[in-house]
Structure formats: C-alpha cells, structure tokens
Protein chains: 2
Amino acid sequence: MDTSPRAVQDRLAAFRGRCAALGLALTPQRLAIYTVLAGTDGHPAAEEIFRQIKPDMPSLSLGTVYRTLELLESHGLVGRVHGLDDQAHFDANLDHHHHLVCTRCHAVRDFDAPALRGLAIPEAALGGFRVESHRLHLLGVCATCQAGEG
Amino acid sequence: MDTSPRAVQDRLAAFRGRCAALGLALTPQRLAIYTVLAGTDGHPAAEEIFRQIKPDMPSLSLGTVYRTLELLESHGLVGRVHGLDDQAHFDANLDHHHHLVCTRCHAVRDFDAPALRGLAIPEAALGGFRVESHRLHLLGVCATCQAGEG
DNA sequence: GTTATTGCAAACATTTTGCACCAGC
DNA sequence: GCTGGTGCAAAATGTTTGCAATAAC
C-alpha cells in the first residue's frame with residue numbers, strides 16, 4: 001500500500017467523505033484509529049492500534065477500538081485479515097491484493113501480482129458454491145526472519 | 001476429501017503408523033479425536049470434536065482435545081484452518097487443496113482445482129519473502145445458504 | 001437538545017497451563 | 001517405578017456488552 005503523505009491524506013479525505021455519507025460521527029477516536037490504519041503497510045490488531053494512539057489520547061479505551069473497527073468493517077471502510085494467530089488484524093487497503101504471512105513472526109504484508117487476477121476456477125469443482133471474492137495467503141518466511149536464521 | 005469407509009480406514013492405519021514412528025502413545029482419546037477428523041469433510045473446531053466424542057467417552061476433557069490437536073498439528077498429522085470466525089478449525093486432509101468459506105454460515109469445504117496448482121508468482125513482487133506454501137480461500141455463499149435466500 | 005458515542009468494568013468465548021492422578025511399558 | 005498422558009480447574013487471552021456519562025451534530 002502507498003504510505004506516502006499524499007496517499008495517506010487522500011485516504012483520510014475519502015474516509016471523512018464516507019463517514020459523512022453514512023451519517024457516522026467523525027469523532028477524534030475514529031479518526032485516530034483510521035489514521036493508524038491508513039498510514040501503515042502492516043496489519044495491526046486492535047490492541048496494537050490502541051497502544052499507538054493511547055499516549056496521545058489517554059482517555060481512549062480498548063473497547064472503543066474494538067467497536068470502531070467492527071463499525072468500520074461493517075460499512076466496508078476497513079478490511080479484516082486473519083493471519084496465523086487467532087487474532088483479527090485490520091487493513092485500510094481495500095484494493096484487490098493478497099498477503100504474505102510469515103510463519104515465524106506472524107507478520108502480514110501485502111503483495112499484488114496482476115498475473116493472479118482473474119483466477120479461472122472451474123465451476124464444476126464448486127458444487128453450487130457462489131464465489132464472491134477470494135483471498136490468497138502465501139505462507140513462508142519473511143526477509144527479517146530469514147536474516148535471523150542460523 | 002474421500003470419506004468412504006475404505007479411505008477412512010487407510011487414514012487411520014497411516015495415523016497409527018505415524019504415531020508409532022514418532023513415539024506418540026496411541027491413546028483412546030487421540031484415536032477418537034483423529035477418527036472424527038479422518039471421517040469428515042467438514043473442518044470442526046475443538047469444541048465440536050469434543051461434543052462428538054463426549055457421549056461415547058464421558059471422561060474426555062476439552063483440555064485434552066486442545067492438547068491433542070496442538071500435538072498432532074505440531075507433528076504434521078493434521079492441519080489448522082482459519083476461517084471467518086476467530087476459532088481454529090482442523091483438517092485431516094493434508095493433500096494440497098483449497099477452501100470454500102461461506103460468509104453466511106462460516107462453513108468451510110474443501111475444493112481442488114488442478115488449474116490452480118503451480119501458481120506462478122513473480123519473485124519480484126515478494127521482496128525477499130521465501131514462500132513455502134499457499135492457501136486460497138474462496139469466499140461466497142454455499143449451496144445451503146443460497147437455498148435459504150429470499 | 002437529541003442522539004450517537006465513549007469509557008469503564010464486567011461478562012464472555014476460546015485456548016493454555018499447573019498440578020495431581022492414572023495408565024502403560 | 002518411570003514416563004508420558006489425562007482430567008480438572010484456574011488462568012490467560014482476545015473480544016463483546018450493559019450502562020451511565022459525555023460529546024457530536
């Protein structure tokens with residue numbers, strides 16, 4: 001995901017617009033939570049988002065972070081990613097993309113390979129299942145963890 | 001996954017062999033847990049496996065189910081699947097296959113499409129990540145849930 | 001001023017762990 | 001008799017919820 005200041009600004013502007021359109025109050029908490037997601041390439045869990053904001057907003061409660069993420073996901077403003085731990089991770093990048101999941105450190109990174117778009121799935125194999133979307137997780141070892149091998 | 005009596009028998013025989021080779025005791029609990037997985041196409045969670053065995057083995061404890069699944073997974077005898085809920089589901093099918101995940105009822109079913117094997121992933125997109133395996137989740141609505149639509 | 005949103009704390013669900021007891025070699 | 005495995009209950013973890021106080025529109 002493009003995390004240049006410009007791209008982040010664009011994302012935040014779009015977020016404000018979507019909130020207004022949906023009738024959602026643009027509270028400082030919501031803005032802070034979305035800003036964390038809009039500005040990172042990672043896929044933080046609720047707890048991690050909370051820790052990042054807490055110093056600047058001591059009144060923030062973890063419950064609000066969970067509620068906000070749930071709300072934003074239900075309106076399609078953020079995505080939920082399941083990695084290897086049983087913890088939900090979140091993502092402001094809604095473009096079609098896939099994930100690299102490190103089996104050592106459980107980090108999740110985005111990647112996109114245009115060659116993988118338009119996967120041809122034989123209808124016959126699906127047995128009546130109606131496919132609406134797909135997600136591909138590549139499991140392996142990230143560069144950082146490889147460096148630590150020995 | 002082939003759940004014919006013959007295929008299940010084969011799987012159980014292989015399981016006994018693997019346990020012996022690994023020096024793992026073949027306790028009634030372990031056998032019961034693996035049997036549930038070997039005989040189903042679904043991907044039950046620990047609690048579900050527990051419920052299925054409990055009537056026939058009242059002394060069974062849920063902790064043992066968790067410990068056993070963890071043990072079997074660590075020895076590569078079963079696989080762990082993350083669907084849409086934040087609950088681990090388990091799978092005795094270790095052949096290369098993918099999953100159909102129903103966004104309504106969260107059921108997970110296997111499917112295999114030979115066309116998807118040998119996905120060509122451009123190295124350049126990976127940025128040093130070493131890919132060891134991949135999993136594809138197709139999200140959509142299963143036949144059962146489609147039938148219930150109105 | 002209303003209504004939606006927050007903070008807090010308690011509840012909840014899932015999974016892990018410590019420890020005493022038990023079973024098999 | 002050791003070793004490993006189980007059952008139980010407590011704890012840890014991640015998440016949701018009820019309710020009174022508060023802030024956004």
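**Close-ups of a predicted two-chain model**

At 29% relative accessible area, A:His106 is partly exposed in this predicted model.

**View 1. A:His106 sits in a loop of chain A.** The loop in question runs between β3 (98-102) and β4 (108-111). Take a look at the backbone here: A:His106 isn't a glycine, yet its phi is positive, at about 70°.

**View 2. Over in chain B, B:His106 is found in the loop between β3 and β4 (108-111).** Its relative accessibility is 31%, so B:His106 counts as partly exposed. Phi is positive for B:His106 too, at about 65°, although this residue is not a glycine.

**View 3. B:His99 belongs to strand β3 of chain B.** That strand covers residues 98-102. Leaving out residues up to four places away in sequence, B:His99 touches a whole list of others, including B:His43, B:Val81, B:Phe111 and B:Leu136.

**View 4. Here's how the two chains go together: turn chain A by 180° and it can be laid on chain B.** The RMSD is 0.1 Å, and the shift along the axis is 0.0 Å. That's the relation of a two-fold axis. Both copies use the same surface, as 100% of chain A's contact residues recur in chain B. Which residue of chain A comes closest to the rotation axis? That would be A:Leu136, with its C-alpha at 2.3 Å.

How values were computed
Residues numbered from 1 in each chain as written. Chains lettered and ligands numbered in written order. Predicted model: local features only at pLDDT ≥ 70, side-chain atom pairs only at ≥ 80, totals over all residues. Heavy atoms only, no water. Least-squares fit on C-alpha atoms with pLDDT ≥ 70 in both. Contact = heavy atoms within 4.5 Å. Helix = DSSP H or I, 4+ residues; strand = E, 2+ residues; numbered from the N terminus. Buried < 20%, exposed > 50% of the residue type's maximum accessible area, 1.4 Å probe, protein only.
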